[in-house]
Amino acid sequence: MLDDKFYEDFSKHESLTELSRWRNPDLNRIRKLTRADIRKILGDKRFEMSGYEGYTGDCTVHNQKVLNVFAKFGIYDYTEYLFLDFYKGSPTLYYRYWREKEHRVNMDWGGLTTSEIVLEILNLTVYSGRQTRRRG
């Protein structure tokens, strides 16, 4: 589990490079976050899992904002696209790894909480050991 200073510092940073002191220098990746770390970073943010929208696109926009909290950790650096969709409480993740041709769909996350879904996405991206795109 990370200390409180991490969460205070995290909210001030705008880029992944500014988070470099939290990276493991040997692996050049963020050290593994726990579900408790993720819950603390999310605060009161949660995915809208119903999939029902008052206005077209409301859930998608809201859920993308929640997921974008972890963009600073590099979740989008491992994929050409990454899209999380919900239908009647069941999440589906659509993605394709960087420089791979296979489109992937993960539908096995029914019953998971927001922090558990985020941890699964981190496992598929940041902690996957896959090739990343070069940024900057």
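1. Tyr52 counts as exposed, because its relative accessibility is 56% and the exposed class begins over 50%. The residue sits in the loop that runs between α2 and α3. Leaving aside residues up to four places away in sequence, Tyr52 touches Cys59 and Lys88. Tyr87 deserves a look here too. Tyr52 and Tyr87 are 35 residues apart along the chain, yet their C-alpha atoms are separated by 7.8 Å. Please read this, and everything below, as a description of a predicted model.

2. Next, the overall layout. The protein chain holds four helices and five strands. Along the sequence they follow the pattern α-β-β-α-α-β-β-β-α. The chain has 136 residues, and 40% of them count as buried. Its accessible surface is about 8300 Å². Carbon and sulfur atoms hold 48% of that surface. Take the contacts in the chain with a separation of 6 or more: 55% of them come from residues 24 or more positions apart.

3. Now the sheet. Three strands make it up, in the order β3-β4-β5. The sheet is open, and the pairing is antiparallel. Which strands stand at the edges? They are β3 (79-87) and β5 (104-106). Each has a single partner strand, so one side of each lacks a neighbour in the sheet. From one strand to the next, the twist averages 15°.

4. The pairing of β3 with β4 can be followed in detail. Strand β4 covers residues 90-97, and its antiparallel pairing with β3 runs over eight bridges. Tyr87, already mentioned for its C-alpha separation of 7.8 Å from Tyr52, stands opposite Ser90 in β4. Helix α4 packs on this sheet and touches β3, β4 and β5. The direction of α4 makes about 15° with that of β4.

5. Is α4 enclosed or open to the outside? It is largely enclosed by the rest of the structure, because eight of its 11 residues are buried. The buried residues are Thr114, Ser115, Glu116, Ile117, Val118, Leu119, Ile121 and Leu122. They pack against α2, α3 (58-68), β3 and β4. An α-helix has 3.6 residues a turn, so residues three or four places apart point the same way.

6. Beyond residues up to four places away in sequence, Ser115 touches Arg35, Ile38, Arg39 and Leu42.

7. Then the charged pairs. Side chains of opposite charge can pair when their charged atoms come close. How many salt bridges does a search of the whole structure find? It finds five. One of them joins Glu116 and Arg35, with the closest N and O atoms 3.5 Å apart. Glu116 lies in helix α4 and Arg35 in helix α2 (residues 35-42), so the pair ties together parts 81 residues apart in sequence. Glu116 is buried, at a relative accessible area of 18%. Arg35 is partly exposed, at 38% relative accessibility. Arg35 is also among the residues that Ser115 touches.

8. Glu100 forms one with Arg104, and the closest N and O atoms are 3.1 Å apart. Glu102 forms another with Arg104, at 3.6 Å between the closest N and O atoms. Glu100 is partly exposed, with a relative accessible area of 26%. Glu102 is partly exposed as well, with a relative accessible area of 47%. Salt bridges with shared partners link Glu100, Glu102, Arg104 and Arg130 into one network.

9. Finish with the network of Glu100, Glu102, Arg104 and Arg130.

How values were computed:
Residues numbered from 1 in each chain as written. Predicted model: local features only at pLDDT ≥ 70, side-chain atom pairs only at ≥ 80, totals over all residues. Heavy atoms only, no water. Contact = heavy atoms within 4.5 Å. Pairing = 2+ DSSP bridges. Helix = DSSP H or I, 4+ residues; strand = E, 2+ residues; numbered from the N terminus. Axes fitted to C-alpha atoms, helices over the stretch in contact; angles between N-to-C directions. Salt bridge = Lys/Arg side-chain N within 4 Å of Asp/Glu carboxyl O. Buried < 20%, exposed > 50% of the residue type's maximum accessible area, 1.4 Å probe, protein only. Areas by Shrake-Rupley, 256 points an atom, 1.4 Å probe, with all protein chains shown as cover.
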